[in-house]
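Subject: Structure handed over, with notes on what was found

Dear colleague,

Please find below the structure that I am passing on to you, followed by notes on what turned up in it. I would be glad if you kept the view open while reading.

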Amino acid sequence: MPGKLKAKIVAGRHLPVMDRASDLTDAFVEVKFGNTTFKTDVYPKSLNPQWNSEWFKFEVDDEDLQDEPLQITVLDHDTYSANDAIGKVYIDIDPLLCSEAATVISGWLPIYDTIHGIRGEINVLVKVDLFNDLNRFRQSSCGVKFFCTTSIPRCYRAIMVHGFVEELVVNEDPEYQWIDRIRTPRASNEARQRLIFLMSGELQRKIGLKVLEMGGNAVVGYLQCFDLEGESGLVVRAIGTACTLEKISSTLPATATHPSNSSPSKDMKEPGFGEEAPGVPLSSGPPTPLRAQTFSSFSPSKSYSRQSSSSDTELSLTPKTVGIFLFPSTPALESESSPLPSAHLPHHLWPGMASRSTTPPPLRLSQSDTAILRKSVSFSEELLLAASGMGSGGSAGKEGGPLKALLRQQTQSALEQRGVSSSSEAFVRTGEYPFFTLAAFPPGFLLHVGGVVSARSVKLLDRIHNPDEPETRDAWWEEIRQEIKSHAKALGCHAVVGYSESTSICEEVCILSASGTAAILSSRFMQDGPLDTEHRLSRQPLCVFSTGSERVEGDMGSSASLGFEEVVSPGCGFCHIPYDELNIPFPAQLTYCYCCRRYKVPDVLFTTIDLPTEANVTGKGCLIQARLCRTKKKAQGEGNATVISNLLPFLEYELHTQLMNKLKLRGMNALFGLRIQISVGETMLLGLASATGVYLTALPSPGGIQIAGKTPSDITYEQHISNMQKKINDTIAKNKELYEINPPEVVEEIIGSPIPEPRQRSRLFRSQSESSDEVSELDLSHGKKDAFVLEIDDTDAVEDIHALLTDSPTPAGFYSCNTEIMPGIQNWTSAIQMFTSVRVFRLNANLTNQGLNKIFSDLCENLLKSLYFKLRSMVPCCLCHLNFTVAIPEDELIQVAVTAVAMSFDKEQLLENGKQSGEKTLIKAITENDEQLQFNLELNAETSAPNPLSSPKGLSEVGSHLSARASSVDYSSFADRCSSWIEQLKLKAHTIRRGSVKTTSSMEKASPLPEGRSRSLRSNRSYSGSSVAVVKMTPLSFIPGAKIIKYLGIINMFFIRETTSLREEGGVSGFLHTFIAEVFAMVRAHVAALGGNAVVSYSMKECVFMENPNKNQAQCLINVSGDAVMFVRESELESTSVQTQSATTHTSNGAEGT
Amino acid sequence: MSVELDVFVGNTTIMDKEVYQLWLNGYTVNDAVKVRIEGGVMEECEASAEVLLSDTMDQYRTFQMCERLLHHPAKLANQLLFQIPPDRQAMLIERYYAFDDSFVREVLGKKLSKGTKKDLDDVSTKTGITLKSCRRQFDNFKRVFKVVEELKGPLVENIRQHFLLPDQLARDYAAIVFFANNRFETGKKKLHYLTFQDFAFCAGQLINNWTLGAVDNIMEDMDVDLDKEFLQELKDLKILITDKDLLDQHKSLVCTALRGKTNVFNEMEANFKNLSRGLVNIAAKLINAKDVRDFFIDLVEKFIEPCRSDKWTSIDVNLYLTHYTNSVHILDTFKHHAVWTRYMGVIKSCILRMYHD
């Protein structure tokens, strides 16, 4: 009996009128968990009832706590007829089960009804007393933290990254059960909502178990999706990256971080968890009953990773690599880095040095070298076999990254497996994948990027016979993941990062897709690297994959003195090819890196990850989209699947060509955050590829686009072509100016100029599993065609070129990207605006491919234009994380949904930064603000020497930040309100700490007027002064100008809304507008109830809209997710800690000012 | 080929002030787009008409969704559906409750009933304000009236609290409610020259001095109704005109004081009895609800018009009324000083305010 769930119903407000006669409501509440139900008394004749109930207590298994939501139903009491339901609230208990997340859920939550929408609010208090269960065979996984964020969360550091976790559960869809014929739409919707709540709870619990098994305590980059397969069932699946995280102690003394520790429920849990880590006095200890386990399992894993490091680095005995190792060490770096107390700075100065090509290769041969030799024998044959040579010189040099990292696949011997799996073709046994759903990594972790790998497969859905054994679905994904893995291997990479999976379903056909970026990650032993004593003491036995620079510091300081040094500058290292250049898996044009001049780089790089913060970028980036529509014949069953799988390669090829051309047109050479979505309908296929184009300094400058006519007989035709050519050249020139792309001219060497025989470089691997045959994959280089020369041989081609040129540039003051951050913009103000926009377009029948393409492209373009117009008051601003999703809800409908965040930035500082390009890298370095903070703490502890570089910098940053805020007048009051709210929050935290129950007497209930006034008053009784707490939402993992001090738990909500009076609700637009607004409201309310003031990594993963205007009906399903957090404005942070740690705050503020 | 659905929802609700005003003014979406295009917003932002149409529709939809909340402004602050910064909330409320002077002039003092609402299309044609806007303004009046009608305590304060309106607007609404409640006649031709602000000022005077709430500060008082007891007492003032001695005495006191101080002294002297009778008769009749309604017409007919035909300046009027009021206190047989002061204070400031072309 490991858990006691307690709930208290306090009050309601704004209830709907349920009794027409009296214009009032006799409301009462049912509280249900599992099979237990409690009821409150009826509060007669009020729209603002005050129940003030006792505590309802549920004694339940923690397994149930994870699976079940707390269900609160508000009803209107009726003496003679059945009670009418007003609406429901589902509360996810999960955040309360984790010691580091929320401790209480308390606040006003919207009462939701699937037919009427939000109908008033209810104030509840929910707590959990958890008794720790140490049973080894338990089925629950309480305490495992979940994060949607695809990077290491801001106030944590990763001690270990264990690897990929996945799970799926299936069930029958209630909407398709026989009983649905006889129940009301409301009952059906509620059954569905509840089922999905249960399923995602179960899924999360199962994934949690896997994580515990691996020895982790958290899942990062958690991505959960629903497949509504109709008749054949409902699939909920999730993937994520298991990690062991440790909380970084905050600069805030006690107040903000510690209330949770002293809450009563926490006290009960505390004994079960490990004591706090030595050396990090303020951190709340990682909630790992596994700590001991980790310790004990350590020594075996050590030897595995020794092997693994060799598998990472592989071998190659080409003279070039040897030469690198023999480079004389330049004293420059040594002298610059060692006197600085911080490793952070030298680390981020590297790019600058790299461009000067003076980076010394400090002979770090020791362990990796021997490893190479040891492993070389076993590898040589497979290398040839798999055509997957490794850029060994590069990796060997880089291998000792600035961060010690160990990738443990599993507690047992994952890394060895990896070695094994890459050395034998028959690796299909463990279901172990070196995949990472993370898209951003701590500096130095990502060594090389090979390119995008993707796999698709077309499946026919069949009824899931046994929900407990969802083997078919598992097998499908297994297949795809194997394919991805083999693609990565073909690119000479051992890992796939920025990994994601998706589906598109139409009738009984389902396309499964997976994509990621093949990469080589740094892995290294702590023992091998020199260690400074404090760190060794604190976590000596652990292998560390740290987001923080703190470890870097220890490492660097001593390694510099010992003569071990990192070789490759982080600014270009990841661009260096991981594959063997003599054994390239596809035709590619390689040049020496334009930064360091020592390693080979491809001429174009496509990736699905975020732009690494340390990357050297010239100019700014921009959103690049390829859009494609293909008609297809109507077909049934197998025939349909065949048609689709035949079309897919062409679709992908054309998308790829379009991306490449658009990239060239903008004068850029790399894509980040690439996401290709293929959507299937009855009569067409839709492809949308979105990515952020940038100019990587390390890569060669892209050549222009040349048009060649096939029939050069006609003079007017020639003229036409030359006109077009001119237009294209002009556009390129204009774009270069717009995005400030003016790379330093490099005239020397370069093997082969960019233009002569350019080829498609970064390959897009795709395949149909139907026809999949591992070896043939490598042949799919439809790239015999020249990417830069466009041949005009028919009208189609002309249209294509026109389409290229129709992409209108973003209006002045706007930038856009689909990644987390925009290169070249750092000085964000605190003004952010998250939004969702949805458009549905009806097509005419009988359109050609060309016509469809144009319509689809225009649809996307117009949508973007509308967004720019809407957000014009925020200029200068950048639309970040622009996430497009397309769907074909019906035969002739195209639906496009966009979620993104607009963030204002400060123009003046931008210019300044441009001028001081040297400083740019510095600022960039600081963007990892938490690490910076953490590092500062360390700094204070170890040495009191002020950092001569960072503190003046910090000061100036603070100043500029203030001015930035002043310039955004519209939002300043917003911010003020936020700050006052934080005060409230702190007060609240105090009360909670004292264990008092009175927390709800907070501001919302501020001034209820005495009862018995005139009637008209009653409806607005709770008016005046009390305003709702502001909750920010963003799809990004951070909030500009603020520091996240606490993650309160994952938000994962699913809602259905249906109407039978579509016209009355303002038509389809009115209906959806209201629904989306309601979803936002419910997310905000739940976050506020958890004690948070923002949602980060927010995404709308599903928005299924169906209408039947003839019947005046519509239905919509929305699934959203994100991480609830509590943040503090850095200005407040400063005021609280300025007295004690002035040096620290200066720097940290500088960091967050960016 | 058509856009079937087009929706934009921000976490912070985006509202364009300009479009909001167009919506309030009752423009259709298409008309609003036209106005915006003429306003040049397209060139500024490199937008197309299509974009403008989509934006306008979207904003209109947002406003419609908000409208229900604006009916109870207090709800706007603690509703969860829209996240609107407080300054925006204040703007939304203030503009929603703002009204056109020309419109309010038409319905001021009328019963806020269905009948009046039916006649709004006439008002719309007369004033050039769209019917939609007229209806909104009318409904606002009615809503405020209904809420405040039965509330105790100071009228202006009640309105400000319940509708979160800025002070001036709350005062204007107080005037409208007060006029509607007492059904003051404002539509007669003779009163056409008076603006809403004139009436609002007078209403303020009446509310502050003649209602029950004006004398004792007990919160249970109603500000909407005139103090019945006071109206009863006003009958006692009749002695000023019925008692011949008192009248003569009064006249001589005023004339002595005024002599040589004004160019229209002769006219003042000649008209004294007429004017005094006028003012005192108004006072004496106020106990009848019907005569309350004619209060402003009476003021104009009995006092303002005679003075105006004799070409008094407003300085003259001020001078006259000052002495007229003060002299009464010297009359030894007169006992009702308090009532007289309370009555004349309001009359004087009302007349002065109303004494213009």
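This is a predicted model: local features need pLDDT of at least 70, side-chain atom pairs count only at pLDDT 80 or more; totals for chains, interfaces and linings use all residues.

The size of an interface is often given as the accessible area lost when the parts come together. Between chain A and chain B the buried area is about 5,100 Å², and carbon and sulfur atoms give 57% of that area. The rule finds five salt bridges across this interface, and one of them joins B:Asp6 to A:Arg839, with the closest N and O atoms 3.0 Å apart. Polar contacts between the two chains, with both residues at pLDDT 80 or more, come to 26 residue pairs.

**Chain A: overall make-up and strand β31**

Chain A has 1154 residues, of which 65% count as buried, and its secondary structure comes to 30 helices and 31 strands. If one takes the contacts in chain A between residues at least 6 apart in sequence, 80% of them join residues at least 24 apart.

Two residues of strand β31 may be worth a look. A:Gln1115 is found in that strand and is buried, with a relative accessible area of 9%. Its side chain makes a polar contact of 3.2 Å with the side chain of A:Asn189, and, residues up to four places away in sequence not being counted, the residues that A:Gln1115 touches include A:Glu175, A:Arg192, A:Arg1057 and A:Phe1071.

Leaving aside neighbours within four places in sequence, A:Val1120 is in contact with residues among them A:Ile1051, A:Met1053, A:Val1079, A:Val1083 and A:Tyr1098. A:Thr631, by contrast, is 489 residues from A:Val1120 in sequence and 31 Å from it in space, C-alpha to C-alpha.

A:Asp67 has its place in helix α1, residues 62-67 of chain A, and counts as buried at 12% relative accessibility. A polar atom of the A:Asp67 side chain lies 3.4 Å from the backbone nitrogen of A:Glu202, and apart from neighbours within four places in sequence the contacts of A:Asp67 are A:Phe197, A:Leu198, A:Gly201, A:Glu202 and A:Arg205.

Elsewhere in chain A, the charged end of A:Lys6 sits over the ring of A:Trp55, at 5.4 Å from the centre, while A:Arg13 lies over the face of A:Trp108, at 4.2 Å from the ring centre.

**Aromatic pairs**

Over all chains, a search of the whole structure finds 54 aromatic pairs. The rings of B:Phe295 and B:Phe296 have centres 5.1 Å apart and planes at 75°, so this pair is edge-to-face. Both partners are buried, B:Phe295 with a relative accessible area of 1% and B:Phe296 at 0%. B:Trp312 and B:Tyr320 also form an edge-to-face pair, at 5.2 Å centre to centre and with 65° between the planes; B:Trp312 is buried at 4% relative accessible area, and B:Tyr320 at 1%. Finally, ring pairs in chain B link a cluster whose members include B:Tyr20, B:Trp23, B:Phe63, B:Tyr96 and B:Phe196.

With kind regards

Technical notes:
Residues are numbered from 1 along each chain as its sequence is written. Chains are lettered from A and ligands numbered from 1 in the order in which they are written. Side-chain values use heavy atoms; hydrogens and water are left out. Rings of Phe, Tyr and Trp (its six-membered ring) pair if their centres lie within 6.5 Å; planes under 30 degrees apart count as stacked, over 60 as edge-to-face and the rest as tilted. Buried means under 20% relative accessible area, exposed over 50%, partly exposed in between (1.4 Å probe, protein chains only). A charge sits over a ring if NZ of Lys or CZ of Arg is within 6 Å of the ring centre and within 35 degrees of the ring normal. Buried area is the accessible area (1.4 Å probe) that two parts lose on being put together, summed over both. A salt bridge is a side-chain nitrogen of Lys or Arg within 4 Å of a carboxyl oxygen of Asp or Glu. A polar contact is a pair of N or O atoms within 3.5 Å; within protein, one must be able to donate a hydrogen and the other to accept it, and residues adjacent in sequence count only if both atoms are side-chain atoms. Helices (H or I, at least four residues) and strands (E, at least two) are DSSP runs, numbered from the N terminus. Contact means heavy atoms within 4.5 Å.
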